[in-house]
Amino acid sequence: MGNGYAVTEIDRTDVPTVLIVDDDASLRLLCRVNLELDGYNVLEAPSVAAAEETLGADPVDLFLLDVHIGADDGLELMRSLRAREHEAPVVLFTGSAQLDSGTVAEADGVVPKPFRIEQLLDVVRRLAPRR
């Protein structure tokens with residue numbers, strides 16, 4: 001017996017997808033929840049290997065990469081994406097006091113840790129606007 005309510009599925013095919021690559025599960029969750037509330041599809045990867053796996057399965061419109069992903073190097077992943085001519089913008093998370101100007105120039109954006117959610121959303125909205 002039906003309840004009279006229609007179930008409507010949301011078409012998320014034209015919503016930008018953000019891949020968060022960070023070894024800190026709580027940071028990924030914080031970003032994921034806020035980005036999803038702001039209307040983005042969100043994928044997560046705790047390592048470079050997991051990010052590479054995700055890339056093979058899902059299209060990505062924006063990367064949020066930690067500079068230090070456990071033993072992995074987010075900068076190397078960024079350079080690998082660039083070498084493969086991946087067109088999605090790359091935003092770096094960093095707790096480091098300073099990144100050299102060359103590294104900053106390679107990235108499309110930098111979000112220093114700790115950050116306010118509005119800082120993150122501002123960068124994502126600028127680089128991966130919703131269609």
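Helix H2 covers residues 48–57, and its buried residues are Val48, Ala51, Thr54 and Leu55. Looking down the axis of H2, these buried residues fall within an arc of 115°, so they line one face of the helix. The other side of H2 carries the exposed residues Ala49, Glu53, Gly56 and Ala57. This description, like the rest of the report, concerns a predicted model.

The buried residues of H2 pack against several elements. Among the strands they meet are E1 (17–21), E2 (41–45) and E3 (62–66), as well as E4 (68–69) and E5 (72–73). They also pack against helix H3 (74–83).

## H2 against H3

H2 and H3 pack with their axes 11 Å apart, at an angle of about 25°. The two helices are therefore roughly parallel to each other, since an angle under 35 degrees counts as roughly parallel. The crossing of H2 and H3 is right-handed.

On the H2 side, the residues that take part are Val48, Ala51, Glu52 and Leu55. They meet Leu77, Ser80 and Leu81 of H3. Val48, Ala51 and Leu55 are also among the buried residues of H2.

## Overall layout

The protein contains five helices and seven strands. Along the sequence they follow the pattern β-α-β-α-β-β-β-α-β-α-β-α. The protein has 131 residues, of which 41% count as buried.

Five strands form an open sheet in the order E2-E1-E3-E6-E7, and their pairing is parallel. The edges are held by E2 and by strand E7 (109–112); each has a single partner strand, so one side of each is left without a neighbour in the sheet. On average, neighbouring strands of this sheet are turned by 20° against each other, with direction ignored. Helix H1, residues 25–37, packs on the sheet and touches E1, E2, E3 and E6. The direction of H1 makes about 170° with that of E2.

Strands of a sheet pair through backbone hydrogen bonds, in either a parallel or an antiparallel way. Strand E6 (residues 90–94) and E7 run parallel and are joined by four bridges. Valine 91 has glycine 109 in E7 as its bridge partner, and leucine 92 has valine 110 in E7. The side chains along E7 alternate.

Two packed helices are described by the angle between their axes and the distance between the axes. For H1 and helix H5 (residues 117–127), the angle is about 60° and the axes are 11 Å apart. That makes H1 oblique to H5. The crossing of these two helices, H1 and H5, is right-handed. H1 contributes Leu30, Cys31, Asn34 and Leu35 to the contact, and H5 contributes Ile117, Leu120, Leu121 and Val124.

Is leucine 120 buried or exposed? This residue lies in helix H5. Leucine 120 has a relative accessible area of 0% and is therefore buried, as buried means under 20% relative accessible area. Leaving aside residues up to four places away in sequence, leucine 120 touches Cys31, Leu64, Phe93 and Phe115. Leucine 120 and cysteine 31 are 89 residues apart along the chain, and their C-alpha atoms are separated by 8.1 Å.

## Two backbone details

Most residues other than glycine have a negative phi, and most peptide bonds are trans. Glutamate 85 is not a glycine, yet it has a positive phi of about 60°. Glutamate 85 sits in the loop between H3 and E6. With 66% relative accessibility, glutamate 85 counts as exposed.

The second detail is a peptide bond. From lysine 113 to proline 114 the bond is cis, with omega near -10°. Proline 114 belongs to the loop between E7 and H5.

Note on methods: Residues are numbered from 1 along each chain as its sequence is written. This is a predicted model: local features need pLDDT of at least 70, side-chain atom pairs count only at pLDDT 80 or more; totals for chains, interfaces and linings use all residues. Side-chain values use heavy atoms; hydrogens and water are left out. Buried means under 20% relative accessible area, exposed over 50%, partly exposed in between (1.4 Å probe, protein chains only). The arc is that of the directions from the helix axis to the C-beta atoms. Contact means heavy atoms within 4.5 Å. Two strands pair if DSSP finds at least two bridges between them. Axes are lines fitted to C-alpha atoms, for helices over the stretch in contact, and angles run from 0 to 180 degrees between N-to-C directions. Angles under 35 degrees count as roughly parallel, over 145 as roughly antiparallel, 65 to 115 as roughly perpendicular and the rest as oblique. A crossing is left-handed if the near helix is turned anticlockwise from the far one by less than a right angle, and right-handed if clockwise.
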